[in-house]
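Here is a short briefing on a protein and the DNA strand beside it. Look through the structure first, then read the points by topic.

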Amino acid sequence: MGAQQRKASSARTQILEGLNSAQREAVEATDGPLLIVAGPGSGKTRVITHRVAYLVSVRNVSPFRILAVTFTNKAANEMKERLQRLLGRASEGLTVGTFHAFCARLLRHDGKHVGLDPNFTIYDEDDSLDLVKRAMEEAGIDSKRFPPGATRESISRAKSLLQGPEEFSRTAGGYYEQVVSQVYERYQALMSSSNAADFDDLLLLAVRLLDGHAEVLERYQERFLHLLVDEFQDTNIAQYRLARLLAGKHRNICVVGDPDQSIYSWRNADLRNILSFQKDYPDATVINLSESYRSTKTILEAARHLIAENRSRLEKELWTGRVKGGPITVYEAYTEEEEAHFVLSEVKRLVQEDGLSFKDCAVMYRVNAESRALEEACLQHGVKYQLVGGVRFYERQEVRDVIAYLRLLQNPNDQVSLLRIINVPRRGLGTRSLQGLIRWAEEQGLSLPQAVRLLGWKVTEEKTGELPISAKAANSIARFVALLTGLAGEGQRVGVVELIDRVLVDTGYRDYILAQHQGEERWENVMELRGIAQEFDDMEPGEGLAALLERLALVTNVDDYDENADALTLITLHQAKGLEFAAVFITGMEEGLLPHIRSMDSEEELEEERRLCYVGITRAKDRLYLLRAFRRRFMGGSGPTIPSRFLGEIPSELISSPPQLEQRSPWGRWAPRAPDVEREGLAFRAGDRVRHQRFGEGIVVSCQKADTDQEVTVVFKGEARVKRLLLSFAPLEKLED
DNA sequence: CAGTGGAGGCTTTTT
DNA sequence: GCCTCCACTG
C-alpha cells in the first residue's frame, strides 16, 4: 500500500465513522445518479457533507469540480461551515450556494449571450411587482380587475416552467391568460431595458444560456464532475432542468429530499421532479435513510399516521431507536388568548421543572396573524421571545430607498430604482411631471432612465426646445442627473461605505429621514445597512459596490434567526422546516387554519397542508403539544371553530389531553403572572380577579398605560372574547382570592 | 403636491 | 381587526 492509498484509507475510516449503513452507502455511491430519500431527522445534512468530504479526501476529486446547491443561504452557510470543519482549507475551492446565487454568478460571467450586461440588477418580488404595475399601466389594463400580485404570480409560474412570453402567449387559453400574456411581454421588455433580472429570470436565463450556447454548456459540464442538490422536493422545473444540464456530461448527480416535506408547491416547486428523476436516470441508485434520530417513538408514530392519510405519496419506512417518550398533549383552549397562556405557562414549567431552556422550545403556526396573541402572552409572562419573520429588514422603506440609490449608481438603466427615488427626498417631481416624463420617453422610443438622462443633458446644455414638463421640473431633473453622475464618479474612487455616506449627505436623504416621524429609528436601520457594507469596504471601489448589491439581493432578510439566543421561538410552520426543538407547540389546529381555508378545495392542496403539519410535528424531539382555541378572532369575525381533521388522524392512544372544554371553566386553568417590569402605578396585574357591573366576573389578562388612562384587558365569564376597557370608564372592582 | 380617511383585502414567502 | 392602497381635499 502506497502512502497516498494509506492516507485515503484512513480518511475513509474517519469520514464513515459514526454513520449507519444506509448513510455510508449514500456517501460511498459516488458514481452515477443517486436519489437519497431522507426522512425527518435521518441525518441528511450529515450525509451530504460527508459525501463531499469523501469525494475530496478519498476519491481525490478536486474541490473545484464539485457543486452543491441548496435553497436557502442558511443551508448553504451551514454546509460550508461543516465542510470547513471536515476538510479545512480544501473546502474553500468548493462551489456551495443557492440555486439563485449560482445562476447570478453564471450570468455575471456569461450573461451577454442572453442579453444581460454584467452589472445587471437583481429584482426581488417587490421590485418585480412595481414593474408589473408599470407594465399593466402601459398596456392599459385595469389593475382592479386584474390584481397585479396575481399577474406577477402567473408570470413567475410561467418562468419557472421555462415559458417565455412568446411561448406563454401561444399556450394562453382563456381571457385571463391572454391578459397576463400581454403584461408578461411588456414586463419582459421593461426588464430588459432596465438590464435587470428577477429571481425567476436568474434560473430561466441560466437555463437558456446553457441550453443555447454549446461552448458555455460544455465548459460548465466539463468542470462539474459532481453535483449535489439539497431539498430536491422543493425544486421547480427550471431548477431541475438546470441541474440536468450541468450534470449532462458526467452524470454524477446526487439529489436529496423528502417528498413528504414538500410544502412549497405554491412557489412552483414541483414534486413531479422526483418521479422525473427516476425516469430521466433509470439507472439511478435510490437510498432511503430510514433511521430517524430526532423524535421519540410516540412523536414519530403520530407523524407516520398523519402522513399516511395522503393518497398521492410513496410509502416509506421510518423508524427510531429513541425512547417511547411521553404522550402528545392536545389542548383545547377557549380563546386564542387562553391558548397562548397555556403555551406560556407550559413553557415556563418545562424550563423550571424539566431543565429545558427557552431556546429548546418553539411555537409554530400556520399564519403570522397567530403570533400576536403569543407575543402578548410572552410579554405578560415576562418570557423573552424570538419572532422569526415579520417585517424584514430589507423590506423597510428607508433601507430600500438607499439600496435603490446604490443600484442606480451601479446600473443607470435600472428603472424600478429610478422611479423609487426620483422624488425621494422631495424634488418637486410629482405624479404630473412623472406622467409627462413617461409619455415623452415613450414618444422618443427611450426607456425612462434614458429619457431622464437626455432631458437632464438638454437642460444643462441649454438645448431646451419644447420641454415635456414644466421648466421647474426639468431643472430639477437636471440637478438630479448631475447628482447621480457625480456620485457614480465618486463610486469609482472611494470604498462602498464612503460612497453610502456621500449618497446619504449629497442627496439630502439623511436630513429627510431624520426629519420624519420615528426618524431616529429609521436612521438606525440605514446605519445597519452601512454596517453590512463595511464587510465590502476593503474591496476595489467598483467591486465593493457590486458585491454588496449581490449580497443584498440574494441574502434577504438576514438570517435573523439566532439559534443560540435564550428565547422562545415563534415561527411559521413553513419557516420551521429544517429546524428541531426539544419541545414544539403547534397552535391553531383548526379547520380553516390548518388546513387553511384557501387550501381546502383541492385534494392536492389539502395534502400539502397535511405535509405542513407533518413538518411541524417532526420538528419535535421530545415533547409535542397540539393546540386549538374553541373561539378565535379571525378576519374581524369570531366564532366557534372546528377541530382540525389532522387531530383525528393521530391515534388517540398517543394523546393525552388536559380536561376538555366542557369540564372546566374557561379561565380557571391559568393564572398568568405579569412581568416584574413596568407594573408601577397600574391598577391591576394579569391574573387579578375582577368584577364588572355589566359583564360580571372575569380575569385580567393585561393592564397597560394608555396616555393618561390605563387599558385593562379582561376575560369575562361566559364571554367568548376578551374585552379591552379603559380604567376611567369601566366600573371594575378588584376581587380578593 | 402631500397628507388623511375610507374601502377593500386578506396563507404560506427558501431566492 | 388591521394594514394597504388610492382618492380626495386642503
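**Where to start**

P425 sits in the loop between α18 (415-421) and α19. Helices (DSSP H or I, at least four residues) and strands (E, at least two) are DSSP runs numbered from the N terminus. This is a predicted model, in which local features need pLDDT of at least 70 and side-chain atom pairs count only at pLDDT 80 or more, while totals for chains, interfaces and linings use all residues. Residues are numbered from 1 along each chain as its sequence is written, chains are lettered from A and ligands numbered from 1 in the order in which they are written, and side-chain values use heavy atoms, with hydrogens and water left out.

- The peptide bond from V424 to P425 is cis, and its omega is near -5°.
- L594 and P595 are also joined by a cis peptide bond, with omega about 5°.
- P595 belongs to the loop between β15 (581-586) and α27 (603-617).
- N60 is not a glycine, yet its phi is positive, near 55°. N60 lies in the loop between α3 and β2 (66-70).
- N195 is not a glycine either, and its phi is positive at about 50°. Its loop runs between α9 (175-193) and β5 (196-198).
- N195 counts as buried because its relative accessibility is 6%. Buried means under 20% relative accessible area, exposed means over 50%, and partly exposed is in between (1.4 Å probe, protein chains only).

**The surface near DNA strand B**

- Near means that a heavy atom of the residue lies within 4 Å of the molecule or strand.
- DNA strand B is surrounded by 34 residues, and the closest are R267, R366, R426, G430 and T572.
- α19 (431-444) and α26 (573-576) each supply at least two residues. α19 gives the most, with three.
- A polar side-chain atom of R267 lies 2.3 Å from a base oxygen of DNA strand B.
- G430 uses a backbone N or O atom, which lies 2.6 Å from a phosphate oxygen of DNA strand B.

**Inside α19**

- S433 is part of helix α19. S433 counts as buried, at 12% relative accessibility.
- Leaving out residues up to four places away in sequence, S433 touches G428, I469 and A473. Contact means heavy atoms within 4.5 Å.

**Helices α1 and α3**

- The axes of α1 (residues 3-16) and α3 (residues 44-57) come within 10 Å and cross at roughly 175°. Axes are lines fitted to C-alpha atoms, for helices over the stretch in contact, and angles run from 0 to 180 degrees between N-to-C directions.
- α1 is therefore roughly antiparallel to α3. Angles over 145 degrees count as roughly antiparallel, under 35 as roughly parallel, 65 to 115 as roughly perpendicular and the rest as oblique.
- A8, A11, R12 and I15 of α1 meet H50, A53, Y54 and S57 of α3.

**Helix α12**

- Seven of the ten residues of α12 (residues 237-246) are buried, so the helix is largely enclosed by the rest of the structure.

Note on methods: A polar contact is a pair of N or O atoms within 3.5 Å; within protein, one must be able to donate a hydrogen and the other to accept it, and residues adjacent in sequence count only if both atoms are side-chain atoms.
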